[in-house]
Amino acid sequence: IKVEDGRIYMTFYQELQLNQAGSKNLLKKSETTKEKMYHILVYLIKIAVTMVFCFLFVTVFSILFGNENSIVGVVVLLCLMVFRNADLGIHTGQSTMLLAMFFVIMVVCPHLANQLSPVLGMLLNIAALAVLIFFGCHNPFMFNQSTLVLGYLLLYGYDVTGTSYQMRLAGMILGAVLTCFVFYRNHKNRTFKRNLKDLIQEFDITSSRTKWQLCQIICVPIVLCIAELCNMPRAMWAGIAAMSAILPFVEDMQYRVRKRIVGNIVGVICFTVLYFLLPSSIYAYIGILGGIGVGFSAQYGWQAVFNTFGALAIAAESYGLKGAVSLRVIQNVFGVVFALAFCAVFYWFMSKQKESDVTVHAE
């Protein structure tokens, strides 16, 4: 990257690596029409290349391991795209071994939890998420939970049995090898002062990070359990909504909850309009349209709108438009509202406990 006259100049490839916010920031800072048109072109090429790559990647997984395991392709793709840049904050070798363990947890625990009662499944989910979050999401602002917990919930929601599960095991083994290889190659030359032992020692019930981790670990499985006890299909939607809303600070959570609810309602309305306007033969492509929309969205609210397209496109095949729309709205509103209430009470309780401990020590 070159810096001239206080401005940063990137190569075409380097600009392709920027996220949506970075690309849009470049567009805002463009001083000439020619410069702006160039950045727009790079941005459009990035979206097109990403969509084609994602489509081909998931398609290959579907061909190799069966259509019912296409979700494995999605989970592996998420891990590859995130962990090629994101680290776990500790020694690269130990991080690589942790990633391999995360894949084992994601392929084994969701399947076992589906075989248990909702309450016992909740306990197993709590144990599994504890490992994923304590060791994989040590830095809340890297949003690794949006990959690891989301992947866990997707595999939980799209569980398979018999031969299909055997193929899922094979697919996840391949995914683990690919992810660990890319992660180690990209991070092997980085120096970390901390190791696995440090993560364990940094557990502190009074810190905002640990309280956030505990909220994720406890709240998401409870949301799943309640949704299942109420016989709500697609319980994972409520879990995903809760996961996305849980942040270290309640004020930030309130913003997320508003955007999630409004975004889902707007997404449902847009999807319904498209559903009636478009011929039934291309309903499946509405999900792809949603993926493109997410690619252009830098703000969480718009991402919530377009994420709704893909979820409804799949659910409408099983529950019809009315059933899918009702489930989407109910599950998401329940998930985020419960998460907000749970974390507000949890954070309040922990603050009171801290005040009580301080008083005892003072006496």
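Colleague: Which residue forms a salt bridge with Asp87?

Modeller: This is a predicted model. A side-chain nitrogen of Arg must lie within 4 Å of a carboxyl oxygen of Asp for the pair to count as a salt bridge. The closest N and O atoms are 2.7 Å apart, and the partner of Asp87 is Arg190.

Colleague: How many residues apart are Asp87 and Arg190, and which loops hold them?

Modeller: Asp87 sits in the loop between helix H4 (70–83) and helix H5 (92–115). Arg190 belongs to the loop between helix H8 (162–187) and helix H9 (196–201). The pair thus links distant parts of the chain, and the separation is 103 residues.

Colleague: Is Asp87 buried or exposed?

Modeller: The cut-off for a buried residue is a relative accessible area under 20%. Asp87 has a relative accessible area of 11%, so Asp87 is buried.

Colleague: How many salt bridges does the structure hold?

Modeller: Besides the pair of Asp87 and Arg190, the side chains of Arg194 and Glu202 meet at 3.0 Å, N to O. Arg209 and Glu202 also meet in a salt bridge, at 3.5 Å. The total for the structure is three.

Colleague: Which residues are linked in a network of salt bridges?

Modeller: Glu202 forms a salt bridge with Arg194 and another with Arg209. Arg194 is partly exposed at 27% relative accessibility, Glu202 is partly exposed at 27%, and Arg209 is partly exposed at 24%. The network consists of Arg194, Glu202 and Arg209.

Colleague: Which residues does Asn125 touch, leaving aside those up to four places away in sequence?

Modeller: Asn125 is found in helix H6 (residues 118–136). Its relative accessible area is 2%, so Asn125 counts as buried. The residues it touches are Ala113, Tyr152, Tyr156, Pro221 and Leu224.

Colleague: What is the distance between the end C-alpha atoms of H8?

Modeller: H8 has 26 residues, and at 1.5 Å a residue it should span 38 Å. The distance in the model agrees with that expectation. The end C-alpha atoms are 37 Å apart.

Colleague: Which helices do the buried residues of H8 pack against?

Modeller: The buried residues of H8 include Ser164, Tyr165, Arg168, Met172, Phe183 and His187. Gly171, Gly175 and Ala176 are also among them. They pack against helix H3 (33–65), H4, H5 and helix H7 (145–157).

Colleague: What is the radius of gyration of the chain?

Modeller: The chain contains 14 helices and two strands. For 363 residues the globule rule gives 21 Å, and the chain's value is close to this, so the chain is as compact as a globular protein of that length. The radius of gyration is 21 Å.

Colleague: What percentage of the accessible surface belongs to carbon and sulfur atoms?

Modeller: Buried residues make up 44% of the 363 residues in the chain. The accessible surface comes to about 18,400 Å². The share of that surface belonging to carbon and sulfur atoms is 67%.

Methods. Residues numbered from 1 in each chain as written. Predicted model: local features only at pLDDT ≥ 70, side-chain atom pairs only at ≥ 80, totals over all residues. Heavy atoms only, no water. Helix = DSSP H or I, 4+ residues; strand = E, 2+ residues; numbered from the N terminus. Buried < 20%, exposed > 50% of the residue type's maximum accessible area, 1.4 Å probe, protein only. Contact = heavy atoms within 4.5 Å. Expected span 1.5 Å × (residues − 1). Rg over C-alpha atoms; globule rule 2.2 N^0.38 Å. Areas by Shrake-Rupley, 256 points an atom, 1.4 Å probe, with all protein chains shown as cover.
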